[in-house]
Amino acid sequence: MSQSLKQPNRVREGGRIDRAQTLSFTFNGKQYQGHAGDTLASALLANGVNIVNRSFKYSRPRGIVAAGAEEPNALVQLGSTEAAQVPNVRATQQALFDGLVARSTNGWPNVQRDVMSLVGKLGGQFMPPGFYYKTFMAPASMWMTYEKVIRKGAGLGRSPMERDPDHYDHLNQHCDLLVVGAGPAGLSAALTAARSGARVILCDEQEEMGGSLLDSREQLDGQPAHHWVEGVVSELAQMANVTLLPRTTANGYHDHHFVTLHERRTEHLGETAPLTDGQRPSRSRMHRVRAGQVLLATGAHERPLVYGNNDVPGNMTAGAVSTYIRRYGVVPGNKLVLSTTNDYAYRAALDWLDAGREVVAIVDARKAPEGDLVEQARVRGVRIIEGAAVLEAKGSDRVTGARVATIDAETFKVTGSSDTLSCDTIASSGGYSPAIHLASHTGARPTWNDEILGFVPSLVKGVHAAGSVRGFHQLADGLANGCSAAAEALSALGFAATPVELPQVNTYRQGAACALYQVPHEKPTLRGPKQFVDMQNDVTAAAIELATREGFESIEHVKRYTAMGFGTDQGKLGNINGMAIAARCLGKTIPEVGTTVFRPNYTPVTFGAIVGRHCRDLFDPERYTAMHQWHVEQGAEFEDVGQWKRPWYFPRTVNGKTESMHDAVARECLAVRQGVGILDASTLGKIDIQGPDAREFLGRVYTNKWAKLAPGRVRYGLMCKDDGMLMDDGTTSCLGENHFLMTTTTGGAAGVMEWLELWHQTEWPDLQVYFNSVTDHWATITVTGPEARKLLAEITDIDLDRETFKFMDWREGTVADVPARVFRISFTGELSFEINVQANYALHVWKTLFAHGEKYDLTPYGTETMHVLRAEKGLIIAGQETDGSVTPEDLGMQWAVGYDKPFPWIGKRALTRSDTRRVDRKQMVGLMPKDPSVVLEEGAQIVFDPDHAIPMPMVGHVTSSYYSPILESGFALAVIKGGHQRMGEIVYLPMVDGKTHAAEIVSPVFYDPKGERQHV
Amino acid sequence: MSEHTSATTATGINMYDVRPTTEVPAESPLAWSYHHTGHPGVSQRSRVVIRERAMLGHVVLRGGAIVLDEAVRQVLGFGLPARPNTLNQDPSGERSAQWLSPDEWLVIVPGGEEFSLEAKLREALGDAHYAIVNVSGGQTLLELEGEAATELLMKSTPYDVHPAGFPVGKGVTTVFAKSNLILRRPAEDRWELVLRRSFADYLYRWLLDAGQEYAIGVDD
Amino acid sequence: MLHIYCPYCEELREEEEFHPKGQAHITRPADPDACSDEEWGDYLFFRDNPRGIHHEMWVHAIGCRKFFNVTRNTVTYEILETYPMGEQPRFTAEYPEGKPADQLNDAQQEPSRQEGVHV
């Protein structure tokens, strides 16, 4: 048959693949075929592909070792196009699809002939931890060059350089019980909980649910195991209270039973999500699960034994051998040697025999193994070598033999002479490590269990565990344990557990396992063949031994020094072996050495799933005002102010030429100073304050006085924290005796609102006052400039007479037929009207102003012009002139501080502390550069003596700096030590380019110092 | 002078009807979104449909539950919801009152009723300590319907929208995408989203994006 | 992500809805002017940083906007109780299992407070 020719290791029948569906794929440029139901790994093994990668440090050829998430070697780069590139995919977890294109992650120019293996040999017999840094360190400047070459050879995949066509999303989930893992324990637990009426989520990382039952030799109720799985899964699928999530890895267990699950929705279908019904579903999805209780049925990872050259392709874990044969119909070799410490691994040999291939020998580290599986092997005539282990594998690109000898695990000695067995596959099993990762994420330290030779999870309140993760490796125990753990969880949730009748399964007689991690060798570890502990990071037993000799005693330090467990596999296969080796070297027990802490994520998660929809146009909320469309249509450039998009300036285009920002801002500034300008000020925070104690409250949160502000009047206020430092400012209008409208800075709105509530709720609940945000309800339009009154008069019924409607008054009336409140407040120093209208009508009012404004050359201006104009008047911006260390007096605003108010208002006490009374505090002043063409840099440091030796004492910095068209000069605001007493002095600003600017300290009010223009 | 209504109450509060009395173009907070992002039509395939109910009267009441409840009962004919995070409506469903906090409720009425509602409530409340604030220009209401509506909400909010956690008559202020809104469920098959004006475009674009796989449609 | 029981909304809400506001039960001196600089500095700047039971103030910022207190174990992150402003905790460093019933006032025996006990 052509099929067997193409897939030499595929068996004729059995497994959960569909031989009728043949799928083509490409690996390292070569075409292969596999079947539906294969993983990329099983298909590669079926095709006899031995080398799938090169190792990270020594560049040794590597093959597939495992069949699941613990795989350290078979990392591939997926994708036929640039945009579809996905790095570091474990071939063991990638479902095969037609047209899949994969490359080895490491290996340059290719995995068969690899340049970096020369570097590996250059390092000699053994490259100690830190080899690359130690070897390529000098000269330091060359490291960048070395690094490029080394990375090319030994990189860990690369990200796509083109836009990902797929999208990703999040789904927030809630349930009573989350069951992680759908093996025997997880299924029986989920069934118990589901039948009891609880909201259940069952997730499993594999392509189909069933876990170990998918490759089990056992029968349930006299049927193959998968029959029971199919029955349970279909029952659960029909229940409304159950959510089944296959292909979904529980990656992180966060606080209070918040668990993140990563569901791969389309990665088994193609390299990009296929279109269905014209829509592209999300490629993968992050489920953010808030669970009442969590049941971990995460199983266990088999530990390989650590022996010489245990990384040569053809070395595998025993369980992986069984999985490939029974689940995928692939025998990954012809002649097997099994090296084991336990009974359970015997099934690999039995499965191998069933597939019709030769078992050369089972090498059992135990002196007299006995148990049902051992008996079965004996009955079938398999040679069992007792009290022995594989010392080292032979071969380079593929195993050719196994050198075997009797050993004494206790004394770590080889006790007999060795014998080399000819074989092409060595399966090993050193026992089973419960997958305790998620339980560790909760902060609970696992405990060592001598009976199962593994760490079992400690469980915090609300977390349950069942099956192999607790060390119950027998099927019957796992099934029963699932039910009882679910019952515990249900009882905590207040549900009565509905008992589930479990299927009949055989109980096997099992002999005790023996403790063996690193296999002894005739030579000392440092001189013998390399014994790999962490294959992904090329950490050897010798490296760990060396680390302990160099004084690293804490396992956390050993880990960091050797990089053990730092790969994308997080040491799932190697960590316990590494700890055991460290323990042996330190003369301690494993529990004394302790375990390292597993942290999220369990397996790598693509950034797409983490980001979800929060990317591109939806990266962050953008807030718009009611006039946004008009701004866009006028070609405004926008500035981000918090989340708001505010017009920055409005460049004009004349004869196809667009103004520069400098020109646009100069034009806008002069328009306001000489004609009339208009600003969308809607983003200012606005807070409606009502209640008989509103006035008292204002007096406590502002530094100035509010007792006498009459309805119809407006006042500017400063708000400090209790440390006396300015936090926000704005005007507050008295709408009625007990009714005020407070404005805040754009960025401070939410903070001020919370601040008012804080003081009301926690310190002064007795005050009768309510605060409500009306920021979005009112749109605010500022009309400002000498012509402002004339323009506004055309469309308002409010009497704008300067005698009756004075500066710092507000009035009600219509503007463009819309009811409005108009405030005579000015942030430009010119005659100004701030118009508040209900936002739904704001665009109409705005457009009407323009319809009437043409004859006045009404000029829209943005935030940049607003900044220049207010700075010319020395008006501060909280957060620009201030940084949490500036008092009102530092700003020269003692006129806005009511020291004699009766109540000790917020900030008052701090303003009399010795530090706030210091005369050399940094104080706000104006700066005029000696060269008027210079615009000083904001943030530039100021010194008194430019000839002072470096480091020069720095005495302040520039807080705001612009070019003023009306002054025809650069000008700045700055804070300078003792600045208020230094008027007329010259200070210096040394710049990075070597230039030093000189500037004179002046009053911060540069324009119209008497303030006459705003009163006209 | 125009006919707009303004008054200062005996309790020293300024009351101001901000609706124009003449025909003036008005724009909902989503006007720009319709113009710029558009509105996909409703089709046979649409498993989610959104519909804006623009220009309604939105009024926030602050004060003691007992005092306010009596006044609301008098004026609207139904009382304030007593339990946290719940919603009361009149039989037509046109007028509703939602618990926002122990001393705060959101009342939504047909557009144009907000000022008279405020006036009547103030009359009923006399000199009790309370606050009434018209926020009609600051927010809008979106209805959300369809078989995929719940899943669309699950993509967007960490709040539990399963019937067990969100029965009919519930309403909460919660996180939505990277913003927040008021989410309520006035009927078995209908959700309501109360959006703040300045965030409305972001939330609208979010809904369309997240709803794309359900062929989301916007009902005019 | 903590799951926090809001004593005003009377249900558990996601941490995203809340802002932490530092140590609870910091009272502003009634007469600040009578405080020495040192006393005022203590009030402003000095906070406890215990390992174990700690009382914190939080605000349900995206929700009912009410401030309240949380007793939280800073090691395990277990929230032992949440309670409204003005009330005293039942769980303290002195009584990590909760104050005995005879030391509680009526408000502290409210059953709703128990619902806040959550890991």
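Which pattern does chain C follow, read along the sequence? Chain C runs β-β-β-α-β-β-β-α. The model is predicted, so local features need pLDDT of at least 70 and side-chain atom pairs count only at pLDDT 80 or more, while totals for chains, interfaces and linings use all residues. Residues are numbered from 1 along each chain as its sequence is written, chains are lettered from A and ligands numbered from 1 in the order written, and side-chain values use heavy atoms, without hydrogens and water.

**Interface of chains A and B**

- Contact (heavy atoms within 4.5 Å) involves 67 residues of chain A and 68 residues of chain B.
- About 5700 Å² is buried between chain A and chain B, with 53% from carbon and sulfur atoms; this is the accessible area (1.4 Å probe) lost on being put together, summed over both parts.
- On the chain A side, Arg613(A), Tyr770(A) and Asn840(A) lose the most area to chain B, together 13% of what that side buries.

**Polar and charged pairs**

- Seven salt bridges link chain A and chain B (a side-chain nitrogen of Lys or Arg within 4 Å of a carboxyl oxygen of Asp or Glu).
- One salt bridge joins the side chains of Arg613(A) and Asp209(B), at 2.7 Å, N to O.
- The side of chain A that touches chain B has 23 nonpolar, 24 polar and 20 charged residues.

**Chain C**

- Chain C has two helices and six strands (DSSP runs: H or I, at least four residues, for helices; E, at least two, for strands).
- Of the 119 residues in chain C, 53% are buried (under 20% relative accessible area, 1.4 Å probe, protein chains only).

Technical notes: Buried area is the accessible area (1.4 Å probe) that two parts lose on being put together, summed over both. Ala, Val, Leu, Ile, Met, Phe, Trp, Tyr, Cys and Pro count as nonpolar, Asp, Glu, Lys and Arg as charged, and the others, Gly among them, as polar. Buried means under 20% relative accessible area, exposed over 50%, partly exposed in between (1.4 Å probe, protein chains only).
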